[in-house]
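Subject: Structure handover

Hi,

Here is the structure I promised to pass on. Please open it alongside this email.

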Amino acid sequence: MIKIAHPLINGEEISAVTRVLRSGKLAQGHYVEKLERQFSELCDTSYGVATNNGTSALHSALYAVGIEPGDEVITTPFTFVATANAILMIGAIPIFVDIDKKTYTIDPFQIEKNITRKTKAIIAVNLYGQPANFAEINTIAKKYKLIVIEDAAQSIGATYKKKMSGNLADIGCFSFYATKNITCGEGGMIVTNNKDYCLRARSFRNHGQNEKKRFFYEDLGYNYRLTDFQAAMLLAQLKKLPSIIARRQKIAQTYTSAFEKTPGLITPFCVDDRTHAYHQYTFSIVSPFKMVRNKLQVYLARRGIESIVYYPKSLHHFKHFDSDQKNSLQSADKAAQTVLSIPVHPNLKKNDIAYIIKTIKNSNDT
Ligand SMILES: *Cc1c(COP(=O)(O)O)cnc(C)c1O
(Lines give C-alpha, C1' and ligand atoms only; values in the text may rest on other atoms or scores of the structure.)
Protein backbone atom coordinates (compact mmCIF):
# COMPACT_ATOMS: atom_id res chain seq x y z
CA MET A 1 0.00 0.00 0.00
CA ILE A 2 1.30 3.48 -0.84
CA LYS A 3 0.45 5.30 2.38
CA ILE A 4 -0.98 8.82 2.60
CA ALA A 5 1.75 9.86 5.07
CA HIS A 6 5.22 8.63 5.93
CA PRO A 7 7.61 10.76 7.99
CA LEU A 8 11.18 11.34 6.83
CA ILE A 9 13.25 10.00 9.73
CA ASN A 10 16.89 8.91 9.62
CA GLY A 11 20.06 8.81 11.68
CA GLU A 12 19.91 12.51 12.54
CA GLU A 13 16.63 12.19 14.44
CA ILE A 14 17.67 8.91 16.01
CA SER A 15 21.00 10.19 17.34
CA ALA A 16 19.44 13.48 18.49
CA VAL A 17 16.81 11.64 20.53
CA THR A 18 19.29 9.11 21.93
CA ARG A 19 21.59 11.90 23.06
CA VAL A 20 18.78 13.36 25.18
CA LEU A 21 17.73 9.96 26.51
CA ARG A 22 21.32 9.29 27.62
CA SER A 23 21.53 12.69 29.32
CA GLY A 24 18.74 11.67 31.70
CA LYS A 25 17.01 15.05 31.34
CA LEU A 26 13.78 14.22 29.57
CA ALA A 27 11.27 16.93 30.45
CA GLN A 28 11.03 20.48 29.06
CA GLY A 29 14.49 22.05 29.19
CA HIS A 30 17.26 23.44 26.99
CA TYR A 31 16.20 21.61 23.83
CA VAL A 32 12.68 22.99 24.08
CA GLU A 33 14.15 26.47 24.55
CA LYS A 34 16.41 26.03 21.54
CA LEU A 35 13.49 24.77 19.47
CA GLU A 36 11.39 27.79 20.45
CA ARG A 37 14.19 30.12 19.37
CA GLN A 38 14.80 28.40 16.04
CA PHE A 39 11.13 28.01 15.27
CA SER A 40 10.33 31.66 15.93
CA GLU A 41 13.32 32.61 13.74
CA LEU A 42 11.91 30.46 10.96
CA CYS A 43 8.56 32.25 11.26
CA ASP A 44 10.13 35.72 11.68
CA THR A 45 8.28 36.16 14.95
CA SER A 46 9.62 37.44 18.26
CA TYR A 47 8.45 34.54 20.44
CA GLY A 48 7.84 30.81 20.30
CA VAL A 49 6.08 28.67 22.91
CA ALA A 50 6.25 24.90 22.50
CA THR A 51 3.34 22.70 23.61
CA ASN A 52 2.61 18.98 23.71
CA ASN A 53 0.28 19.08 20.68
CA GLY A 54 -1.47 21.39 18.24
CA THR A 55 -4.77 21.32 20.10
CA SER A 56 -3.11 22.51 23.32
CA ALA A 57 -1.35 25.21 21.26
CA LEU A 58 -4.76 26.47 20.06
CA HIS A 59 -6.25 26.24 23.57
CA SER A 60 -3.28 28.15 25.02
CA ALA A 61 -3.46 30.77 22.24
CA LEU A 62 -7.15 31.39 22.93
CA TYR A 63 -6.29 31.86 26.61
CA ALA A 64 -3.28 34.04 25.82
CA VAL A 65 -5.29 36.54 23.75
CA GLY A 66 -7.96 36.76 26.46
CA ILE A 67 -10.91 34.77 25.10
CA GLU A 68 -13.43 34.13 27.87
CA PRO A 69 -16.48 31.92 28.40
CA GLY A 70 -19.42 33.12 26.32
CA ASP A 71 -17.31 34.93 23.73
CA GLU A 72 -17.98 34.07 20.10
CA VAL A 73 -15.12 32.92 17.89
CA ILE A 74 -15.72 32.75 14.15
CA THR A 75 -14.14 29.84 12.33
CA THR A 76 -14.46 27.45 9.41
CA PRO A 77 -16.55 24.25 9.59
CA PHE A 78 -14.24 22.60 7.07
CA THR A 79 -11.22 21.72 9.19
CA PHE A 80 -9.99 19.10 11.64
CA VAL A 81 -12.16 19.10 14.75
CA ALA A 82 -9.30 20.36 16.97
CA THR A 83 -9.75 23.92 15.65
CA ALA A 84 -13.31 24.13 16.97
CA ASN A 85 -12.80 21.89 20.02
CA ALA A 86 -10.21 24.36 21.32
CA ILE A 87 -12.90 27.07 21.21
CA LEU A 88 -15.17 24.88 23.35
CA MET A 89 -12.27 24.06 25.69
CA ILE A 90 -11.86 27.74 26.60
CA GLY A 91 -15.65 27.98 27.10
CA ALA A 92 -16.30 30.13 24.04
CA ILE A 93 -18.83 29.57 21.24
CA PRO A 94 -17.66 28.54 17.76
CA ILE A 95 -19.55 30.33 15.00
CA PHE A 96 -19.11 28.48 11.74
CA VAL A 97 -19.14 30.44 8.48
CA ASP A 98 -18.80 29.15 4.94
CA ILE A 99 -15.60 28.66 2.95
CA ASP A 100 -14.33 29.93 -0.35
CA LYS A 101 -15.04 27.07 -2.72
CA LYS A 102 -11.79 27.39 -4.66
CA THR A 103 -9.28 27.38 -1.80
CA TYR A 104 -11.44 25.60 0.85
CA THR A 105 -10.39 28.30 3.36
CA ILE A 106 -12.70 30.61 5.32
CA ASP A 107 -14.55 33.21 3.22
CA PRO A 108 -13.80 36.73 4.58
CA PHE A 109 -17.13 38.04 3.27
CA GLN A 110 -18.96 35.47 5.40
CA ILE A 111 -16.89 36.45 8.45
CA GLU A 112 -18.05 40.05 8.27
CA LYS A 113 -21.70 39.04 7.86
CA ASN A 114 -21.58 37.01 11.09
CA ILE A 115 -19.93 39.46 13.48
CA THR A 116 -22.04 40.26 16.56
CA ARG A 117 -21.43 42.20 19.79
CA LYS A 118 -20.11 38.98 21.32
CA THR A 119 -17.54 38.25 18.60
CA LYS A 120 -13.99 38.43 19.98
CA ALA A 121 -11.80 36.48 17.59
CA ILE A 122 -11.43 34.65 14.30
CA ILE A 123 -9.54 31.39 13.78
CA ALA A 124 -8.56 31.01 10.14
CA VAL A 125 -7.16 27.64 9.04
CA ASN A 126 -4.57 27.22 6.29
CA LEU A 127 -6.23 24.10 5.00
CA TYR A 128 -4.08 21.48 3.22
CA GLY A 129 -1.11 23.86 3.56
CA GLN A 130 -2.28 26.99 1.74
CA PRO A 131 -2.71 30.18 3.78
CA ALA A 132 -6.20 31.69 4.06
CA ASN A 133 -6.91 35.20 2.77
CA PHE A 134 -5.22 37.06 5.63
CA ALA A 135 -5.16 40.52 4.01
CA GLU A 136 -8.95 40.63 4.05
CA ILE A 137 -9.31 38.76 7.33
CA ASN A 138 -6.95 41.16 9.13
CA THR A 139 -8.68 44.20 7.62
CA ILE A 140 -12.06 43.03 8.92
CA ALA A 141 -10.52 42.21 12.31
CA LYS A 142 -9.06 45.69 12.59
CA LYS A 143 -12.36 47.32 11.70
CA TYR A 144 -14.26 45.38 14.42
CA LYS A 145 -11.35 45.11 16.93
CA LEU A 146 -11.13 41.33 16.76
CA ILE A 147 -8.16 39.08 17.39
CA VAL A 148 -7.02 36.76 14.61
CA ILE A 149 -5.55 33.33 15.33
CA GLU A 150 -3.79 31.50 12.52
CA ASP A 151 -4.26 27.73 12.65
CA ALA A 152 -1.07 26.84 10.80
CA ALA A 153 -1.08 23.15 11.79
CA GLN A 154 -0.96 22.16 8.12
CA SER A 155 1.01 25.06 6.65
CA ILE A 156 4.49 25.06 8.17
CA GLY A 157 6.81 26.46 5.50
CA ALA A 158 4.07 28.15 3.45
CA THR A 159 4.06 31.90 2.74
CA TYR A 160 1.52 34.66 2.13
CA LYS A 161 2.68 37.82 0.34
CA LYS A 162 6.25 36.69 1.18
CA LYS A 163 5.50 36.45 4.93
CA MET A 164 5.96 33.14 6.71
CA SER A 165 2.96 31.16 7.84
CA GLY A 166 2.59 31.53 11.60
CA ASN A 167 3.27 35.26 11.32
CA LEU A 168 0.14 36.16 9.36
CA ALA A 169 -2.09 37.17 12.29
CA ASP A 170 -1.89 38.08 16.01
CA ILE A 171 -0.84 34.59 17.04
CA GLY A 172 -0.09 31.37 15.11
CA CYS A 173 -0.42 27.70 16.10
CA PHE A 174 1.37 24.65 14.71
CA SER A 175 1.13 20.89 15.17
CA PHE A 176 3.86 18.27 14.97
CA TYR A 177 1.53 15.29 14.89
CA ALA A 178 2.89 12.20 13.12
CA THR A 179 1.36 13.02 9.71
CA LYS A 180 2.27 16.73 9.64
CA ASN A 181 5.05 18.12 7.43
CA ILE A 182 7.54 17.87 10.29
CA THR A 183 6.87 15.75 13.34
CA CYS A 184 7.93 14.44 16.74
CA GLY A 185 4.93 12.11 17.12
CA GLU A 186 2.86 14.63 19.06
CA GLY A 187 3.82 18.26 19.59
CA GLY A 188 2.80 21.86 19.01
CA MET A 189 4.05 25.46 18.87
CA ILE A 190 2.67 28.95 19.30
CA VAL A 191 4.38 31.93 17.67
CA THR A 192 3.61 35.62 18.17
CA ASN A 193 5.14 39.09 18.20
CA ASN A 194 3.22 40.05 21.33
CA LYS A 195 5.18 39.63 24.56
CA ASP A 196 2.11 39.54 26.76
CA TYR A 197 0.54 36.77 24.69
CA CYS A 198 3.80 34.83 24.90
CA LEU A 199 4.04 35.10 28.69
CA ARG A 200 0.39 34.15 29.18
CA ALA A 201 0.80 31.12 26.91
CA ARG A 202 3.95 30.05 28.80
CA SER A 203 2.13 30.26 32.10
CA PHE A 204 -0.95 28.44 30.77
CA ARG A 205 1.06 25.46 29.53
CA ASN A 206 2.71 25.08 32.94
CA HIS A 207 -0.18 25.11 35.46
CA GLY A 208 -0.45 28.88 35.59
CA GLN A 209 3.04 29.25 37.05
CA ASN A 210 5.02 32.36 36.40
CA GLU A 211 8.23 31.17 34.70
CA LYS A 212 10.34 32.98 37.26
CA LYS A 213 8.37 31.87 40.31
CA ARG A 214 7.73 28.16 40.64
CA PHE A 215 4.78 27.03 42.79
CA PHE A 216 3.10 30.43 42.58
CA TYR A 217 0.00 30.10 40.46
CA GLU A 218 -1.37 33.10 38.59
CA ASP A 219 -4.42 31.34 37.21
CA LEU A 220 -5.74 27.94 36.19
CA GLY A 221 -3.32 26.32 33.77
CA TYR A 222 -2.62 22.90 32.31
CA ASN A 223 0.33 20.59 31.77
CA TYR A 224 0.88 21.22 28.07
CA ARG A 225 4.68 20.93 28.11
CA LEU A 226 6.74 19.32 25.35
CA THR A 227 9.62 16.97 26.27
CA ASP A 228 13.29 17.64 25.48
CA PHE A 229 13.71 14.43 23.45
CA GLN A 230 10.81 15.47 21.23
CA ALA A 231 12.33 18.94 20.84
CA ALA A 232 15.65 17.33 19.84
CA MET A 233 13.85 15.32 17.17
CA LEU A 234 12.11 18.46 15.89
CA LEU A 235 15.40 20.36 15.70
CA ALA A 236 16.64 17.64 13.35
CA GLN A 237 13.38 17.76 11.37
CA LEU A 238 13.57 21.53 11.12
CA LYS A 239 16.84 21.28 9.18
CA LYS A 240 15.07 19.18 6.57
CA LEU A 241 12.07 21.47 6.26
CA PRO A 242 13.19 23.37 3.11
CA SER A 243 13.86 20.12 1.24
CA ILE A 244 10.62 18.53 2.53
CA ILE A 245 8.54 21.48 1.29
CA ALA A 246 10.38 21.64 -2.04
CA ARG A 247 9.79 17.93 -2.59
CA ARG A 248 6.08 18.20 -1.75
CA GLN A 249 5.72 21.16 -4.12
CA LYS A 250 7.50 19.29 -6.88
CA ILE A 251 5.26 16.22 -6.54
CA ALA A 252 2.18 18.45 -6.44
CA GLN A 253 3.30 20.16 -9.63
CA THR A 254 3.72 16.78 -11.33
CA TYR A 255 0.19 15.77 -10.28
CA THR A 256 -1.33 19.04 -11.40
CA SER A 257 0.27 18.93 -14.85
CA ALA A 258 -0.95 15.36 -15.24
CA PHE A 259 -4.53 15.98 -14.07
CA GLU A 260 -5.18 19.54 -15.15
CA LYS A 261 -7.02 18.59 -18.31
CA THR A 262 -9.04 15.71 -16.87
CA PRO A 263 -12.71 16.78 -16.97
CA GLY A 264 -14.30 16.63 -13.51
CA LEU A 265 -11.00 16.46 -11.62
CA ILE A 266 -10.44 19.86 -10.06
CA THR A 267 -6.78 20.31 -9.09
CA PRO A 268 -5.74 22.51 -6.12
CA PHE A 269 -6.23 26.22 -6.75
CA CYS A 270 -3.16 28.17 -5.67
CA VAL A 271 -3.56 31.89 -5.26
CA ASP A 272 -0.70 33.93 -6.78
CA ASP A 273 0.25 35.73 -3.57
CA ARG A 274 0.72 32.48 -1.60
CA THR A 275 2.97 29.45 -1.58
CA HIS A 276 1.43 26.10 -0.70
CA ALA A 277 3.17 23.72 1.72
CA TYR A 278 1.16 20.76 0.35
CA HIS A 279 0.48 19.07 3.63
CA GLN A 280 -2.14 17.42 1.44
CA TYR A 281 -2.60 17.23 -2.30
CA THR A 282 -6.37 17.48 -2.50
CA PHE A 283 -8.57 17.53 -5.58
CA SER A 284 -12.33 17.54 -6.07
CA ILE A 285 -14.12 14.86 -8.06
CA VAL A 286 -17.28 16.09 -9.80
CA SER A 287 -19.26 15.26 -12.93
CA PRO A 288 -18.26 14.49 -15.70
CA PHE A 289 -15.55 12.40 -13.98
CA LYS A 290 -16.69 8.78 -14.51
CA MET A 291 -16.67 7.70 -10.87
CA VAL A 292 -18.04 9.50 -7.87
CA ARG A 293 -15.48 10.37 -5.21
CA ASN A 294 -16.19 7.40 -2.90
CA LYS A 295 -15.97 4.92 -5.78
CA LEU A 296 -12.63 6.36 -6.85
CA GLN A 297 -11.34 5.99 -3.29
CA VAL A 298 -12.26 2.28 -3.26
CA TYR A 299 -10.81 1.82 -6.76
CA LEU A 300 -7.48 3.29 -5.58
CA ALA A 301 -7.43 1.22 -2.38
CA ARG A 302 -7.90 -1.98 -4.41
CA ARG A 303 -4.86 -1.00 -6.40
CA GLY A 304 -2.69 -0.30 -3.37
CA ILE A 305 -3.06 3.48 -3.13
CA GLU A 306 -4.28 5.01 0.10
CA SER A 307 -6.40 8.14 -0.29
CA ILE A 308 -8.28 9.96 2.46
CA VAL A 309 -11.22 12.35 2.62
CA TYR A 310 -10.24 15.39 4.69
CA TYR A 311 -13.03 15.88 5.86
CA PRO A 312 -16.17 13.83 5.15
CA LYS A 313 -18.56 15.92 7.26
CA SER A 314 -18.43 19.61 8.14
CA LEU A 315 -18.24 20.40 11.84
CA HIS A 316 -21.57 22.25 12.15
CA HIS A 317 -23.36 18.90 11.70
CA PHE A 318 -21.87 17.36 14.86
CA LYS A 319 -24.01 17.54 17.94
CA HIS A 320 -21.40 18.47 20.52
CA PHE A 321 -21.14 21.87 18.87
CA ASP A 322 -24.86 22.22 19.52
CA SER A 323 -25.03 25.06 17.11
CA ASP A 324 -28.39 26.37 16.05
CA GLN A 325 -26.58 27.07 12.83
CA LYS A 326 -28.62 29.56 10.86
CA ASN A 327 -26.21 29.85 7.98
CA SER A 328 -26.33 27.29 5.26
CA LEU A 329 -22.77 26.31 4.65
CA GLN A 330 -23.11 25.05 1.13
CA SER A 331 -19.54 25.28 -0.07
CA ALA A 332 -18.30 23.41 3.00
CA ASP A 333 -20.92 20.69 2.52
CA LYS A 334 -20.12 20.39 -1.17
CA ALA A 335 -16.40 20.12 -0.45
CA ALA A 336 -17.03 17.37 2.13
CA GLN A 337 -18.73 15.34 -0.60
CA THR A 338 -16.18 15.86 -3.37
CA VAL A 339 -12.61 16.23 -2.01
CA LEU A 340 -10.01 13.48 -1.97
CA SER A 341 -6.36 13.64 -0.85
CA ILE A 342 -3.69 11.41 -2.38
CA PRO A 343 -0.14 10.73 -1.13
CA VAL A 344 2.25 13.70 -1.59
CA HIS A 345 4.85 12.95 1.09
CA PRO A 346 8.61 13.17 0.39
CA ASN A 347 9.12 9.41 0.81
CA LEU A 348 7.28 8.71 -2.47
CA LYS A 349 9.42 7.21 -5.20
CA LYS A 350 9.30 8.29 -8.83
CA ASN A 351 7.58 5.01 -9.66
CA ASP A 352 4.93 5.56 -7.00
CA ILE A 353 4.05 8.95 -8.43
CA ALA A 354 3.81 7.63 -11.99
CA TYR A 355 1.69 4.69 -10.79
CA ILE A 356 -0.70 6.98 -8.87
CA ILE A 357 -1.14 9.20 -11.92
CA LYS A 358 -1.69 6.26 -14.27
CA THR A 359 -4.18 4.59 -11.93
CA ILE A 360 -6.30 7.72 -11.51
CA LYS A 361 -6.29 8.38 -15.25
CA ASN A 362 -7.25 4.76 -15.99
CA SER A 363 -10.14 4.96 -13.54
CA ASN A 364 -11.66 7.61 -15.77
CA ASP A 365 -11.06 5.70 -19.02
CA THR A 366 -12.50 2.33 -18.06
C1 LIG B 1 -3.49 18.55 13.15
C2 LIG B 1 -4.37 19.73 13.28
C3 LIG B 1 -4.67 20.32 14.52
C4 LIG B 1 -4.38 19.69 15.84
O5 LIG B 1 -3.15 19.28 16.10
P6 LIG B 1 -2.85 18.04 17.09
O7 LIG B 1 -1.38 18.14 17.20
O8 LIG B 1 -3.33 16.80 16.43
O9 LIG B 1 -3.54 18.30 18.38
C10 LIG B 1 -5.39 21.50 14.53
N11 LIG B 1 -5.83 22.06 13.40
C12 LIG B 1 -5.61 21.51 12.20
C13 LIG B 1 -6.12 22.20 10.98
C14 LIG B 1 -4.88 20.32 12.10
O15 LIG B 1 -4.68 19.77 10.89
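Overall picture

Keep in mind that this is a predicted model. The protein has 11 helices and 15 strands. Its radius of gyration is 21 Å, close to the 21 Å that the globule rule gives for 366 residues, so the protein is as compact as a globular protein of that length. The C-alpha trace spans about 70 × 55 × 35 Å along its principal axes. Of the 366 residues, 56% count as buried. The accessible surface comes to about 16800 Å². Carbon and sulfur atoms hold 53% of that surface. Look at the contacts with a sequence separation of 6 or more: 71% of them join residues 24 or more positions apart.

Helix α3

Start with α3, residues 54-64. Here 10 of the 11 residues are buried, so the helix is largely enclosed by the rest of the structure. The buried set is Gly 54, Ser 56, Ala 57, Leu 58, His 59, Ser 60, Ala 61, Leu 62, Tyr 63 and Ala 64. Both ends are worth a look. At the start, a side-chain oxygen of Asn 53 comes to within 2.9 Å of the backbone nitrogen of Thr 55. After the helix comes Gly 66, with a positive phi near 95°.

The ligand

Which element gives the largest share of the shell around the ligand? It is α3, with three residues. The shell has 15 residues, and Gly 54, Thr 55, Gln 154, Ser 175 and Lys 180 come nearest to the ligand. By type, the shell divides into five nonpolar, eight polar and two charged residues.

- Thr 55, at 2.5 Å from an oxygen atom of the ligand.
- Gln 154, at 2.8 Å from an oxygen atom of the ligand.
- Lys 180, at 3.2 Å from an oxygen atom of the ligand.

On its own the ligand has 380 Å² of accessible area, and the protein covers 93% of this. Two elements give two or more residues to the shell: α3 and α4 (82-89).

Two residues to check

Ile 251 sits in helix α8, residues 228-259. Is this residue buried or exposed? At 1% relative accessibility, Ile 251 counts as buried. Leaving aside neighbours within four places in sequence, Ile 251 is in contact with Val 344, His 345, Leu 348 and Ile 353. Tyr 281 is 30 residues away from Ile 251 in sequence. In space the two are 9.0 Å apart, C-alpha to C-alpha.

Ser 307 lies in a loop, between α9 (293-302) and α10 (330-338). Why does Ser 307 count as buried? Its relative accessibility is 6%, and the cut-off for buried is under 20%. Which residues does Ser 307 touch, not counting those up to four places away in sequence? They are Ile 4, Gln 297, Leu 300, Leu 340, Ser 341 and Ile 342.

Best wishes

Key:
Residues numbered from 1 in each chain as written. Predicted model: local features only at pLDDT ≥ 70, side-chain atom pairs only at ≥ 80, totals over all residues. Heavy atoms only, no water. Buried < 20%, exposed > 50% of the residue type's maximum accessible area, 1.4 Å probe, protein only. Helix = DSSP H or I, 4+ residues; strand = E, 2+ residues; numbered from the N terminus. Polar contact = N/O pair within 3.5 Å; in protein donor to acceptor, adjacent residues only side chain to side chain. Near = heavy atom within 4 Å. Areas by Shrake-Rupley, 256 points an atom, 1.4 Å probe, with all protein chains shown as cover. Nonpolar A, V, L, I, M, F, W, Y, C, P; charged D, E, K, R; others polar. Rg over C-alpha atoms; globule rule 2.2 N^0.38 Å. Contact = heavy atoms within 4.5 Å.
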